[in-house]
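Student: Could you walk me through this structure, from the overall fold down to a couple of residues?

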Amino acid sequence: MSDEIPLSQAQRGDRGVIVQVGGRCHHHEHETELERRLLELGFVEGARVELLHEGLFGRDPIAMRVDDMRVALRRHEAANLILRREAR
């Protein structure tokens, strides 16, 4: 069984590898722009991700390590990334 989830559902301490970028937004123009921005930030297939911090209100935004960088995203943006989680 594969443990793949949208990055928006990850919890603090979760680690894994990005297996899909994009494809979760309902507005094509917005989807294309968001996917381009995520790729520019380093969210590419195969990138290693670790969720480091969650905001106090609604657990938003989330901060994560992407390979050797630290990046913060809103959960609705992170929903466009599919993560294959590693066992804790």
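Here is a short chat about this predicted model.

Student: In what pattern do the helices and strands come along the sequence?

Tutor: Start with the parts list: there are two helices and six strands. Now put them in sequence order, and the protein reads β-β-α-β-β-β-α-β.

Student: What share of the 88 residues is buried?

Tutor: A residue has to come in under 20% relative accessible area to count as buried. With that cut-off, the buried share of the 88 residues is 40%.

Student: Is Glu54 buried or exposed?

Tutor: Glu54 sits in strand E3, which covers residues 48-54. Its relative accessible area is 19%. The cut-off for buried is under 20%, so Glu54 is buried.

Student: Which side chain makes a polar contact of 2.8 Å with the side chain of Glu54?

Tutor: Look through the contacts of Glu54 beyond four places in sequence, and you'll find Arg12 and Arg75 among them. Arg59 has a side-chain polar contact with Glu54 too, but that one is 3.3 Å. The 2.8 Å polar contact is with the side chain of Arg75.

Student: How far apart are the C-alpha atoms of Asp3 and Leu83?

Tutor: Asp3 lies in the segment before strand E1, and it's partly exposed at 31% relative accessible area. Setting aside neighbours within four places, Asp3 contacts Leu83, Arg84 and Arg85. Asp3 and Leu83 are 80 residues apart along the chain, yet their C-alpha atoms are separated by 8.2 Å.

Note on methods. Residues numbered from 1 in each chain as written. Predicted model: local features only at pLDDT ≥ 70, side-chain atom pairs only at ≥ 80, totals over all residues. Heavy atoms only, no water. Helix = DSSP H or I, 4+ residues; strand = E, 2+ residues; numbered from the N terminus. Buried < 20%, exposed > 50% of the residue type's maximum accessible area, 1.4 Å probe, protein only. Polar contact = N/O pair within 3.5 Å; in protein donor to acceptor, adjacent residues only side chain to side chain. Contact = heavy atoms within 4.5 Å.
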